[in-house]
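Have a look at the picture first, and then we will walk through its parts together.

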Amino acid sequence: MKIKYFFSLMLIAIIGFAGCKGKKSIDKNANEAIPVTVQKLQIVSVNEEISASANIEGNKTVKLGFMVAGKINYIAAEEGATIKVGQLLASLDPENYSIAKEMADANLNQAQDDYNRLSIMHNRKSISESDFSKVSNALKVAQAQQHLQVKNLSDTKIYAPINGVLLKKGTEVGEIIGTGLPLFVVSNIQTV
């Protein structure tokens, strides 16, 4: 600790002495007059154009893609088209998701029926709490599966979230796409 303190003081002293020891320079031009030209102020017009390159971006730009995978069966607009909020931009073939929803509906109906029948027995104390708990949980799982399949079916369509212009269309009808790929870019160019 003392060694660090000593070296720090030595360094400060060396820098201090070096700064004080510098030669004084005498400016030979210090007393010479500098010629100055004075002009009267006037307005002057300049006829020159200024060219600049830049990127103009919309106030709000949104990249859109499907939340589910599938085969594209419909695209509503081409690049450069005006898009309104809520307008359908594209959709996937919903057949697989419709079938999955029908299966989830059937499972929910079966689980609801089992729950209703065993609920009466549970109220009469004819079945164990464990068996009734299994039926109750099976009903909750079937309800969740049905909600998931309804959401997946609705996710086969993309709607425009803003008014704007379709800047980019990154797919064509018939293509098979994956989940979450940004396929469309919509930008509000009213304010740039």
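## Helix H2 and its buried side

In helix H2, the residues Tyr97, Ala104, Leu108, Ala111, Leu118, Ser119 and His122 are buried. Buried means under 20% relative accessible area, exposed means over 50%, and partly exposed is in between (1.4 Å probe, protein chains only). Helices (H or I, at least four residues) and strands (E, at least two) are DSSP runs, numbered from the N terminus.

This is a predicted model, where local features need pLDDT of at least 70, side-chain atom pairs count only at pLDDT 80 or more, and totals for chains, interfaces and linings use all residues. Residues are numbered from 1 along each chain as its sequence is written, and side-chain values use heavy atoms, with hydrogens and water left out.

How far apart are the end C-alpha atoms of H2? They are 42 Å apart, which agrees with the 42 Å that its 29 residues (95-123) should span at 1.5 Å a residue. The expected span is 1.5 Å times one less than the number of residues. Helix H3, with 26 residues, reaches 38 Å from its first C-alpha to its last, close to the 38 Å expected.

The buried residues of H2 pack against H3 (129-154), and those of H3 pack against H2; contact here means heavy atoms within 4.5 Å. On the H3 side, the buried residues include Phe132, Leu139 and Asn152.

Most residues other than glycine have a negative phi. Is Lys125 buried or exposed? With a relative accessible area of 69%, Lys125 is exposed.

## The largest nonpolar core

A nonpolar core is a set of buried Ala, Val, Leu, Ile, Met, Phe, Trp, Tyr and Cys residues joined through side-chain atoms within 4.5 Å. The largest one here has 20 residues, and Leu64, Phe66 and Leu89 are among those with the most contacts inside it. Strands E1, E2 (70-75), E4 (88-92) and E8 (184-188) each supply at least two residues of this core, and the largest share, 3 residues, comes from E4.

Not counting residues up to four places away in sequence, Leu89 touches several residues, including Leu64, Ile83 and Val186.

## An exposed residue in a loop

Ile34 lies in the loop between helix H1 (2-20) and strand E1 (60-64). Ile34 counts as exposed because its relative accessibility is 71%.
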